[in-house]
Amino acid sequence: MDDRKTLELSGRKTTSVTSSTSTKQNYIRLSQNVGVLLSSFDHIALAYDRSIDWESRLSREIPFILDEVPDEMILRVLDVACGSGRHSVALASRGFDVTGFDSSEIMIAEANKLVSMQNVTANFFVANMMEFSEVIDGEYDLVLCLGNSLALLPTFEDITSVTDEVHSILKPNGRFIFQVLNFEEIMKTGFSMFPLKRGFTDSGEEVVFARHFDHSESSEESTLVLTTLLKTDTKWKARVTTQSVLRLDRDRMAHILKSSGFDKLEFYGGYNGAPFRKESDRSLVARVIK
Ligand SMILES: C[S@@+](CC[C@H](N)C(=O)[O-])C[C@H]1O[C@@H](n2cnc3c(N)ncnc32)[C@H](O)[C@@H]1O
């Protein structure tokens, strides 16, 4: 059943559609309808993409992703919740066969724009990772899920469903690399305010992206409050979106991964490969081998 509501985005009326029964074909059909929004990330897609220093981020993350991957291996890569496609396109430009999907229509539009700007080949589509088995088939050498995207699922059981699917589509010795926030550290230190980010849209509008956590409502999840500030001509407009974030940590993720059949688990405190320290690292980066 579709749940439609009208939203205002940058002065433009758009329609939000969520569906629990959509198939890959439905998503592709929806993605061809200009102005149809599927995800709360649609509201922040531009601010997210434009306020990140991608050169710096990719220079840390891509070497980790490709570490110990044999040169001769032609990798088939799946980027789950690929966002604006920055990792996918970086890997496609190195010759890998890359597919990415994300529930945000606008993130995928950005990813497709990046593909044409950089003149590479990568396949992107709009889909929900909770419908993984309906939208993905074939086998992959490498599956990515970066940017704390697993924690955006509604329940821990939903994460297990995704890791079950990842296990089933990985080739033997295939790798699953993901990054989530480590709530063991976050709840211990009470961390809530992310540093402000600032950037510019393609048409030169200034955008400021602010994020903070509200930890007060539940013991299993925190609310991420995302505020985008956009300057058009001389006027600033603010938009606030909230997103529930599951409180993940290493022990919870290890349990989920083992229940999905993964037993070779490597946990790091960042993309520099330093060993994970559960009480002091804010980020948990995992390389899991089938
Ligand atoms: C913080 S962004 C990370 C994007 C990208 N992986 C990165 O590291 O830059 C989180 C992404 O997860 C996507 N997302 C959230 N829930 C999703 C779901 N159920 N299925 C697919 N994508 C989802 C959002 O649309 C958003 O693009």
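In which sense do strand β7 (residues 140-145) and β8 pair, and over how many bridges? The two strands run parallel and are joined over 5 bridges; strands count as paired if DSSP finds at least two bridges between them. C145 has F178 in β8 as its bridge partner. Helices (H or I, at least four residues) and strands (E, at least two) are DSSP runs, numbered from the N terminus.

This is a predicted model, in which local features need pLDDT of at least 70 and side-chain atom pairs count only at pLDDT 80 or more, while totals for chains, interfaces and linings use all residues. Residues are numbered from 1 along each chain as its sequence is written.

The protein chain contains 9 helices and 14 strands. Of its 290 residues, 38% are buried. A residue is buried if 20 or more other C-beta atoms lie within 10 Å of its own, exposed if 12 or fewer, and partly exposed in between, with C-beta atoms placed from the backbone. Contacts are residue pairs whose C-beta atoms, placed from the backbone, lie within 7 Å. Among contacts in the protein chain between residues at least 6 apart in sequence, 63% join residues at least 24 apart.

Strand β8 spans residues 170-181. Because 9 of its 12 residues are buried, β8 is largely enclosed by the rest of the structure. N173 belongs to this strand, yet N173 is exposed, with 9 other C-beta atoms within 10 Å. N173 also has a positive phi of about 70°, although it is not a glycine. Most residues other than glycine have a negative phi.

V288 and F178 are 110 residues apart in sequence, but their C-alpha atoms are 8.5 Å apart in space. V288 is buried, with 25 other C-beta atoms within 10 Å. Leaving aside neighbours within four places in sequence, the contacts of V288 include R175, F176 and L257.

The nonpolar interior comes next. In soluble globular proteins, nonpolar side chains tend to be buried together. Here the largest nonpolar core has 68 residues, and V143 and L144 touch the most other members. Such a core is a set of buried Ala, Val, Leu, Ile, Met, Phe, Trp, Tyr and Cys residues joined through C-beta atoms within 7 Å. Not counting residues up to four places away in sequence, L144 touches I65, V77, D79, V80, H87 and I177.

α5 has 14 residues and reaches 20 Å from its first C-alpha to its last, close to the 20 Å expected at 1.5 Å a residue; the expected span is 1.5 Å times one less than the number of residues. Its buried residues are E105, I106, M107, I108, E110, A111, L114 and V115. After α5 comes N119, with a positive phi near 55°. N119 is exposed, with 7 other C-beta atoms within 10 Å.

Helix α3 (residues 54-66) includes E55. α3 has 13 residues and reaches 17 Å from its first C-alpha to its last, close to the 18 Å expected at 1.5 Å a residue. E55 is exposed, with 7 other C-beta atoms within 10 Å. E55 and R86 are 31 residues apart in sequence and 9.8 Å apart in space, C-alpha to C-alpha. Just after α3, E68 takes a positive phi of about 65°.

In helix α7 (residues 156-169) lies T160, which counts as partly exposed because it has 16 C-beta neighbours inside 10 Å. T160 and I256 are 96 residues apart in sequence and 5.7 Å apart in space, C-alpha to C-alpha.

An antiparallel pair is formed by strand β9 (residues 197-200) and strand β10 (residues 206-214), joined by 4 bridges. K197 stands opposite F209 in β10. The two strands form a hairpin with 5 residues between them, and G204 in the turn has a positive phi of about 85°.

Finally, the ligand is surrounded by 18 residues, of which the closest are F41, A81, G83, S104 and G147. A residue is near a molecule if its C-beta atom, placed from the backbone, lies within 6 Å of it. This shell has 9 nonpolar, 8 polar and 1 charged residues. Ala, Val, Leu, Ile, Met, Phe, Trp, Tyr, Cys and Pro count as nonpolar, Asp, Glu, Lys and Arg as charged, and the others, Gly among them, as polar.

Key
Contact = placed C-beta atoms within 7 Å.
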